[in-house]
Amino acid sequence: MAKKKETIYKCSECGYTQPRWLGRCPSCSSWNTLEECIVDPNSTTAAFTGSSATEKVKPVPLSTVSAQENSRIVTGISELDRVLGGGAMRRSAILLGGEPGIGKSTLMIQTCAAVHKVTSGRILYISGEESAGQIKGRADRLHLDTSGIEILCTMRLEDIKDALVALNPVFVIIDSIQTVYSVEAGIVPGTVNQLKYCANELIGWVKERDSVMIMSAHVTKEGTIAGPKSLEHMVDTVVSFERNDDEVRFLRASKNRFGSVDELGLFAMGETGLECVKDPSTMFITKRTDKTPPGIANTCVFEGSRAFVVEIQALTVPAKASISRVYSDKIDSARVARVAAVLEKKTGLHFSDMDLYINVAGGERLKESAIDASLAAALYSARTDLPIGDGIVILGELSLAGEIRPIQRLRQRIKTAKELGFHTVVSPERDSESVQILSLKDMLKTVFGK
């Protein structure tokens with residue numbers, strides 16, 4: 001039989017509790033301050049204050065609720081603020097995932113130093129993986145001011161609770177959430193129960209205060225954040241830290257309750273740590289002294305509100321087996337196969353007996369359909385060994401009928417290409433600064449000549 005819920009009355013002035021309602025508090029003599037509460041030992045308030053008496057939650061009209069305006073903390077790191085939607089929202093929990101050695105700890109210690117300059121509030125860095133000396137050594141190598149950062153090296157949730165209550169910081173780093181454990185959920189860190197229990201306790205704390213909490217997490221071999229998916233549902237923002245073969249780091253959000261998930265943050269690892277990349281086009285365009293070789297085509301893409309020119313590289317070779325294959329990890333293989341099929345149908349060139357290799361300079365993943373025309377030009381150039389002229393940017397979506405369809409935000413793409421020195425923009429719309437193409441054959445004649 002289920003145990004009956006216990007109800008008590010708690011004074012909002014002094015915290016005095018008793019089983020019956022009274023008009024006047026016997027402890028502080030205040031009138032009409034006793035409020036109905038329930039005894040809930042699993043509540044977040046009980047976990048951090050020791051009192052299991054929690055007020056009953058009652059519905060209120062939504063029209064009377066004030067929106068959270070001007071409640072973001074600007075971290076001082078422009079690329080991180082861009083991905084978060086303009087800064088870190090107060091009373092929010094952020095999950096930062098990335099492979100080992102990518103620079104998560106470097107980014108977080110830099111963020112702590114930058115936030116302290118902006119807010120002058122208390123910063124708490126909780127480390128379950130590294131010692132205080134290691135973190136201090138990293139900060140010294142990066143020439144960071146650590147005067148406003150408190151460090152706590154522990155894996156026990158109970159120690160973290162005490163520190164949070166004592167310091168009440170405005171910015172908290174948990175590095176990493178997989179190392180935190182509580183005796184209430186067992187003694188082995190990293191289990192499903194430990195992750196859910198510890199994360200719930202920590203998120204409950206930050207939801208009741210004007211603070212921001214960032215929890216780092218490891219990733220699996222597939223690149224997803226390790227642990228139960230429920231952990232991603234509990235936090236407000238999920239940010240992934242990725243890298244290509246170079247020293248470039250990509251920061252993108254897969255979930256953001258307070259902003260867009262289309263923004264992309266770019267960092268370059270240098271001697272002073274992670275540096276924000278202000279002009280991304282310089283990373284994705286290969287600087288050549290000679291003419292452009294066959295199989296190279298340029299296009300302009302959007303990542304959130306940012307436009308930049310990227311270079312698509314294509315290579316076609318005879319198939320090594322009876323079945324041709326598509327090798328492409330930066331552009332969806334199905335998209336490459338579809339564009340190749342349209343080319344084969346409309347131009348008579350055979351791609352079905354070729355292995356197709358597709359790459360994007362700089363390692364950026366391209367998803368939008370505006371790259372179709374440029375991808376078709378790169379494949380045609382690689383197959384015919386005819387190079388595309390220098391200074392040409394190709395824009396447009398390719399339909400199965402061989403039509404070049406219009407794309408969004410064309411004027412911004414043309415402006416970006418012109419500013420970077422490209423003299424010819426080929427697009428599906430009539431514009432004074434671009435050459436109009438309406439079909440695949442029009443595009444091939446314009447780019448390669450008759």
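Val317 finds its bridge partner in strand β19, and that partner is Asp355. The strand itself covers residues 354-360; strands here are DSSP runs of E with at least two residues, helices are runs of H or I with at least four residues, and both are numbered from the N terminus. This is a predicted model, in which local features need pLDDT of at least 70 and side-chain atom pairs count only at pLDDT 80 or more, while totals for chains, interfaces and linings use all residues. Residues are numbered from 1 along each chain as its sequence is written, and side-chain values use heavy atoms, with hydrogens and water left out.

Let us stay with β19 for a moment. Strand β17 (residues 306-318) pairs with β19 in the antiparallel sense over 7 bridges; two strands count as paired if DSSP finds at least two bridges between them. Strand β18 (residues 326-328) runs parallel to β19, joined to it by 3 bridges. Here Val326 has Leu356 of β19 as its bridge partner. Strand β19 is also mostly covered, with 5 of its 7 residues buried, where buried means under 20% relative accessible area, exposed over 50%, and partly exposed in between, using a 1.4 Å probe and protein chains only.

Now turn to helix α4, residues 132-141, where Ile135, Arg138 and Ala139 are buried. These residues lie on the same side of α4 because they cover an arc of only 100° around the axis, the arc being that of the directions from the helix axis to the C-beta atoms. On the other side of α4, Gly133 and Arg141 are exposed. What covers the buried residues includes α3 (104-119), β8 (123-127) and β9 (149-153), with contact meaning heavy atoms within 4.5 Å. After α4 comes His143, whose phi is positive, near 60°.

A cavity is a set of points, on a 1 Å grid over the protein atoms alone, where a 1.4 Å probe fits but cannot get out; lining residues have an atom within 4 Å of a point. There are 3 cavities of 30 Å³ or more, and the largest cavity holds about 70 Å³ of space, a volume being the space filled by probe spheres set on the points, which are joined across faces, edges and corners. Among the residues that line the largest cavity are Leu80, Ile94, Leu107, Thr111 and Val239. Two or more lining residues come from each of α2 (78-84), β7 (92-98) and α3, and α3 gives the most, with 3 residues.

Methods:
On a 1 Å grid over the protein atoms alone, a cavity is a set of points where a 1.4 Å probe fits but cannot get out, and a pocket is an open set with protein on both sides within 12 Å along at least five of seven lines; lining residues have an atom within 4 Å of a point.
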